[in-house]
Amino acid sequence: MRSVNRSTVIVRPRKPYVEWARGVDDEAATVTAAELCRDPTVYLIPEVTDEPHAEELIRDCFAMIFENELNGWIIDETAWPANRTYEMFRQWFDIEIDSMVIDLCQDRFEVEDL
């Protein structure tokens, strides 16, 4: 067991994201936020020292997270909402920050650039 010098951000879509997905994909007509929240995306960020530090880190990387979440639904960037702000990000997603990451695996990380 090893402690990893990272914190996590767990991102769960909210109603505005679901409504957007329904608007860009006919197959999403019946999708719900609850369904999408069953398998949330987890992002690693630098270690969080306190709440203000966590807020700063999220502000610094929200655009990358937002784009990845949009890309997870549809890769056509012209279908993505324009002028994505931090405020919009917080309206579209619930986020949870966890400060401790423990690696229970013995094998090495495999890293893949996206």
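The following questions and answers concern a predicted model of one chain.

Student: In which element is confidence lowest in the chain?

Tutor: The mean pLDDT of the chain is 90, and 100% of its residues reach 70 or more. Confidence is highest in H4, at 97. The lowest mean, 81, belongs to H2.

Student: In what order do the three strands of the open sheet stand?

Tutor: E3 (41–46) and E4 stand at the edges, each with a single partner strand, so one side of each has no neighbour in the sheet. From one strand to the next the twist averages 25°. The pairing is antiparallel, and the order is E3-E2-E4.

Student: Which residues of helix H1 are buried?

Tutor: An α-helix has 3.6 residues a turn, so residues three or four places apart point the same way. The buried ones are Tyr 17, Val 18, Trp 20 and Ala 21.

Student: Against which elements do the buried residues of H1 pack?

Tutor: Two strands take part in this packing, E2 (6–13) and E4 (93–98). The helices that the buried residues of H1 pack against are H2 (33–37), H3 (51–73) and H4 (86–92).

Student: At about what angle does H3 run to E3?

Tutor: H3 lies across E2, E3 and E4. Its direction relative to E3 is given by an angle of about 140°.

Student: Which element gives the most to the largest nonpolar core?

Tutor: This core has 27 residues, and those with the most contacts inside it are Phe 66, Phe 89 and Trp 92. Leaving aside residues up to four places away in sequence, Phe 89 touches Ile 58, Phe 62, Ile 65, Phe 66 and Ile 95. E2, H1, E3, H3, H4 and E4 each supply at least two residues of the core. The most, eight residues, come from H3.

Student: Is Asn 83 buried or exposed?

Tutor: Asn 83 is in the loop between H3 and H4. Although not a glycine, Asn 83 has a positive phi of about 55°. Exposed means over 50% relative accessible area. Asn 83 has a relative accessibility of 70%, and therefore counts as exposed.

Note on methods
Residues are numbered from 1 along each chain as its sequence is written. This is a predicted model: local features need pLDDT of at least 70, side-chain atom pairs count only at pLDDT 80 or more; totals for chains, interfaces and linings use all residues. Side-chain values use heavy atoms; hydrogens and water are left out. Buried means under 20% relative accessible area, exposed over 50%, partly exposed in between (1.4 Å probe, protein chains only). Helices (H or I, at least four residues) and strands (E, at least two) are DSSP runs, numbered from the N terminus. Contact means heavy atoms within 4.5 Å. Two strands pair if DSSP finds at least two bridges between them. Axes are lines fitted to C-alpha atoms, for helices over the stretch in contact, and angles run from 0 to 180 degrees between N-to-C directions. pLDDT is the predictor's confidence in each residue, from 0 to 100. A nonpolar core is a set of buried Ala, Val, Leu, Ile, Met, Phe, Trp, Tyr and Cys residues joined through side-chain atoms within 4.5 Å.
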